[in-house]
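Me: I have a structure open and want to learn how to read its features one at a time. Can you take me through them?

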Amino acid sequence: MDRRSTSQAGKLLRFPSAPFKIALFADLHFGEDAWTDWAPKQDLNSVKVMSAVLDKENPDFVVYLGDVITANNVMLANASLYWDQAISPTKARGIPWASVFGNHDDAPLEWFSATGIPQLRCPAANSCLSGEEDCSFRGTEHLELMKNEIKDNALSYSNTGPKELWPMVSNYVLQLVPANGSPSPVALLSFMDSGGGSYPEVISGTQVEWFRNKSHELNPDSRYVTPPPITAYECQECDPMQFVTKTHALIRETNIPLWWQAVFVGRNHRLDWCCPHKKLWLWFAQHTGYGGYGTWAKGARILEINQQPVSLKSWISMEDGQTHKVGPTSSIAVVTGAVAERKRDLIAQIRHSCLRKQLLSAFRLGEMALASARNCWTIASLAFLSLLFRFILAVGWTVALRSKPENYLRFPSAAPFKIALFADLHFGENAWTDWGPRQDLNSVKVMSTVLDDENPGLILSLAIDFDLRSVVRQSDFVVYLGDVVTANNIMVGNASSYWGQAISPTKARGIPWASVFGNHDDAPFVWPMEWFSASGIPQLRCPAANSSLPGEEDCSFRGTQRLELMRNEIMDNALSYSKTGPKELWPSVSNYVIQLSSSNDPQPPVAFLYFMDSGGGSYPEVLSGTQAKWFHNKSNELNPDSRVPEIIFWHIPSTAYGKVAPTFLRFSFCVGSINKESVAAQEAEMGVMKLLEERPSVKAVFVGHNHGLDWCCPYKKLWLCFARHTGYGGYGNWARGARILEITQQPFSLKSWIRMENGHTHSEVILSS
């Protein structure tokens, strides 16, 4: 006889004629090391464990207790493919299930080697898709994973939960009702999202309030058993009776009613114990999956709920068919003297918990002053549009936009070629505050000042409000030297809207440009911890106030990856010289070369400008060995005899910068005005600098990243230079400006100085002559 009896209507679970049995599958980690031979074998082994448990225990229901996949190893655009593999044994047997999220389920992809990305990863070897459309390194966020599960599976009892709790998604309650058809529940199963992955590992104050309200609504007199399976974390390796998990502290410190029967969690693969705590029991599941750390035998925790009288029993069913650790049978009405005594001992020891202080501070943070945030974007947008409209009236009809040659830049007639470097603009920083939009406007003013104060040999007359302004002076080319946006602060689905604001002063003046990526440009959104206090995430942030899109479609916290940012820039701007770079270097995107030619003959190059992606954000801060090989091959192809000068641009300084950094103990030929911090170099050196040192044609390398450094220092046969912090976003309160490069053709020379926002110049240096 089939023991499963469920009702999809109203998401009710119904007792069979026997006790109701639940299997907990924890930490499966499908997709771990997906590009190796090891990974598919482990996923198959995990399927075998689940199948063995299901066939032996014949449960009525299954709970997937988080870390179903290892999203930080999954490079597919849709991680639901791995999610489907994980639920397949349960689905194949017609058993209903529900799931909660763990810290790995939507974590961004992590790269493990800087020596190169094997081709089999893009697309993934086990993917049913082909081409670059399947080559995504961002993962699939919680909301999409849950919607895909629900949409494709009639047996799924999972729920996306109240929208006001997003990004916390898996927050919902299921009712277990009697076999006789009565609608009154025997037990309530509460599921909660404990965070991790793309946002902090925490159960927020808003979730606590939701649970309190929901439990009082469904169970006002506390008559029903309420065992909520939620993923929690232990503070360190320790005696379980000496320390308390985050979830335990939450229950204790936030005065959640103590009529919960039990709490079930995963995450710690080598813990499977249960311990009494006040009037409830705290349980770990058993590590089920062969993915993840640890070589302990696999299995699953089984729960058995009896109806009359109501009781809860648990044991662990192992992959080899053995069972162990049968838990106590607890009545909702009685807490035995032994349990009560053990409870008092536990409370005494909990007072010394390693998490007590930090949990208290995390959950008692005061509310942010956000009342004025609703209007900040409207005001900022109007101010920016006013400024831009005024500029168009003044300049738009008298400046002929420079056309973009197909493959090269050209010197202006009888004048040097001038490049402005804009570094670390950080548009979108703290976008939800009044401060953020103001800083973006200030950054626009800095760039506008620099562009108007530098002379490209193009002189224009224009009238503003009938007032004749004599000269508008501009650069011939602009390089955006990384950290154009602070993606880890941007909550809108498409960060290109901020990218567009950053390039607007250059675009409005008809000046061509190119860009490279910094470590902040595609970093995943970093959730401010104060958003998880009792006040919760303000509604105005979802969707973002400055968005043109309605509803949840625009509520994304994943950011925009490098490839999409670069494609959007190129597609929308004829003046952009940026390129996505060779596909074999992805996820490192901005790797390309631009030729600078003379004014009268485009064929012979005067110089080559190399742009390289130094990583950071969604993958390690490094120029990989594959990029070094690309530079070696490309430079020998274009400039085999090293006759043509070469100038290099990337964002994060190499380790060589640390070797030449000026100190008061070292005699230095460096030129600059600020030396306020240590060099924050790349994580490793993979060969690029050795190639540059050996090429006599390489004249200088220009980087950003360090806001408090603007020096140029000689290094062997070339120069290593920092740009000047241009943006008002980012750390530091030093005056803003931009490094200017001036290239002359006959004879070739490279000169540089810094132009400040107040119009002054300083730190002029001859880098090649």
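Me: Let me start with Cys274: what is its relative accessible area, and how do I class it?
Reply: This is a predicted model, so treat each value as computed from it. Buried means under 20% relative accessible area and exposed means over 50%, with partly exposed in between. Cys274 has a relative accessible area of 26%, so it is partly exposed.

Me: Is Cys275 buried or exposed?
Reply: Cys275 is at 8% relative accessibility, so it counts as buried.

Me: How many disulfides does a search of the whole structure find?
Reply: The test is a distance: two cysteine sulfur atoms within 2.5 Å. The search finds two disulfides. One is formed by Cys670 and Cys713, with sulfur atoms 1.8 Å apart. Another joins Cys712 to Cys721, at 2.1 Å from S to S.

Me: What is the handedness of each link, from the S-S torsion?
Reply: For Cys670 and Cys713 the torsion is about 115 degrees, so that disulfide is right-handed. The link of Cys712 and Cys721 has 120 degrees about the S-S bond and is right-handed.

Me: Which parts does the pair of Cys670 and Cys713 tie together?
Reply: Cys670 lies in the loop between α13 (655-660) and α14 (688-694), and Cys713 in strand β25 (residues 712-715). The pair therefore ties together parts that are 43 residues apart in sequence. Cys670 is partly exposed at 22% relative accessibility. Cys713 is buried at 0%.

Me: Next, aromatic pairs. Are the rings of Phe264 and Trp283 stacked or edge-to-face?
Reply: Check the centres, then the planes. Ring centres must lie within 6.5 Å; planes under 30 degrees apart count as stacked, over 60 as edge-to-face. By this rule the count comes to 22 aromatic pairs. Phe264 and Trp283 have ring centres 5.4 Å apart and planes at 25 degrees, so the pair is stacked. Phe264 is in strand β8 (residues 262-265) and Trp283 in strand β10 (residues 280-284), 19 residues apart. Phe264 is buried at 1% relative accessible area, and Trp283 is buried at 3%.

Me: What about Phe477 and Tyr577?
Reply: Phe477 and Tyr577 are edge-to-face, 5.8 Å centre to centre, with 90 degrees between the planes. Phe477 lies in strand β19 (residues 477-481), and Tyr577 in the loop between α11 (562-572) and β21 (592-597), so the pair ties together parts 100 residues apart in sequence. Both Phe477 and Tyr577 are buried.

Me: Last one: where is Asp613 found?
Reply: Asp613 is in the loop between β22 (605-611) and α12 (625-638). At 0% relative accessibility, Asp613 counts as buried.

Me: Which side chain joins Asp613 in a polar contact?
Reply: That of Arg562, at 2.8 Å. Residues that Asp613 touches include Phe517, Pro587, Tyr619 and Gln627.

Key. Residues numbered from 1 in each chain as written. Predicted model: local features only at pLDDT ≥ 70, side-chain atom pairs only at ≥ 80, totals over all residues. Heavy atoms only, no water. Helix = DSSP H or I, 4+ residues; strand = E, 2+ residues; numbered from the N terminus. Buried < 20%, exposed > 50% of the residue type's maximum accessible area, 1.4 Å probe, protein only. Polar contact = N/O pair within 3.5 Å; in protein donor to acceptor, adjacent residues only side chain to side chain. Contact = heavy atoms within 4.5 Å. Phe/Tyr/Trp six-rings, centres within 6.5 Å; stacked < 30°, edge-to-face > 60°. Lists of a residue's contacts leave out its neighbours within four places in sequence.
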